[in-house]
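Subject: Structure for you to look at

Hi,

Here is the structure I promised. Please open it alongside the notes below.

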Amino acid sequence: MSAFSLEGRTALVTGANTGIGQAIAVAMAEAGADVIASGRRDCDETLAMIGKVSGRAGRSLTLDFADPMAARDVFADQPIDILVNNAGIIRRDDAVDFSEADWDAVMDVNLKALFFTCQAFARAALPRGHGKIVNIASLLSFQGGIRVPSYTASKHGVAGLTKLMANEWAARGLTVNAIAPGYIETNNTEALRADPDRSRAILDRIPAGRWGRPEDIAQTAVFLAAPASDYINGAVLNVDGGWLAR
Ligand code: NAP
């Protein structure tokens, strides 16, 4: 079997109803995985796309990370080999005005839920001796950004936790890595793309000369979930059209 195949594996993708998560769920099914598409709303569109590309029926699972412990019992009674922590939110306001509510909401979904979902996954996967975790980080795991303090703090945290978990679990058969997407055309960046000045400034700095597409991230996620990446541990891989090289 190809080292890039996910055949015989089951993958759970969070926030799989739209954007990057949807593209990852579909790409993993295309690579041979049985996919559990989780969202706080139904993932019918994603399941239809999975059926179309793979001929297999995906499964849907409701997980709302407004409760950061929402996934605590998900892994105990079913073998899941691959976990993709993609669900994430962003809140924009000047740092001097930023509210506690916008701090807590983002930290809960992007960081606290991510850690405790990884913990629940690891408790089930470590005894089996294999598992793959792919976390979705951001360019704001490396850079400061503007008007997004809780998002930046959460994504720096995702990079740090990815390395910590890799350190603890690498020798026990789990790989933990992250992808730092550049500027991708999804709901998350709608406000930026709607602002002609910001949009132009961003595009001018991307060496590839275009915004990223969800599929650009999805193929990297397949790689980090496949045997081909077994010796990659604690990496935060930027997939950004060259933005950070600039
Ligand atoms: P998106 O289209 O807004 O997708 C975000 C996903 O997270 C949606 O499925 C959303 O569900 C889900 N979500 C939000 N709150 C949730 C909650 N409480 N419980 C469960 N799921 C929740 O944006 P995206 O760009 O695809 O974002 C996916 C990931 O990529 C995020 O972690 C984001 O930070 C990261 N990222 C994106 C970019 C970019 O340029 N787009 C760049 C760097 C990193 P609903 O549809 O129900 O809201």
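Asp 230 and Lys 132 form a salt bridge, with the closest N and O atoms 2.8 Å apart. (A salt bridge here is a side-chain nitrogen of Lys or Arg within 4 Å of a carboxyl oxygen of Asp or Glu.) Asp 230 sits in the loop between α7 (214-225) and β7 (236-239) and Lys 132 in strand β5, so the pair ties together parts 98 residues apart in sequence. Lys 132 is buried at 8% relative accessibility; Asp 230 is partly exposed at 47%. (Buried is under 20% relative accessible area, exposed over 50%, partly exposed in between, with a 1.4 Å probe and protein chains only.)

Some background. This is a predicted model: local features need pLDDT of at least 70, side-chain atom pairs count only at pLDDT 80 or more, and totals for chains, interfaces and linings use all residues. Residues are numbered from 1 along each chain as its sequence is written, and side-chain values use heavy atoms, without hydrogens or water.

The salt bridge count comes to 9. Another one joins Asp 94 and Arg 147, at 2.6 Å between the closest N and O atoms. Asp 94 is partly exposed at 33% relative accessibility, and Arg 147 is partly exposed at 39%. Arg 210 and Asp 216 also pair, at 3.0 Å from N to O. Shared partners link Asp 93, Asp 94 and Arg 147 into one network.

Last, Asn 177. At 0% relative accessibility, Asn 177 is buried. Beyond its neighbours within four places in sequence, its contacts (heavy atoms within 4.5 Å) include Ile 133, Asn 135, Thr 162 and Asn 233.

Best wishes

How values were computed. Helices (H or I, at least four residues) and strands (E, at least two) are DSSP runs, numbered from the N terminus.
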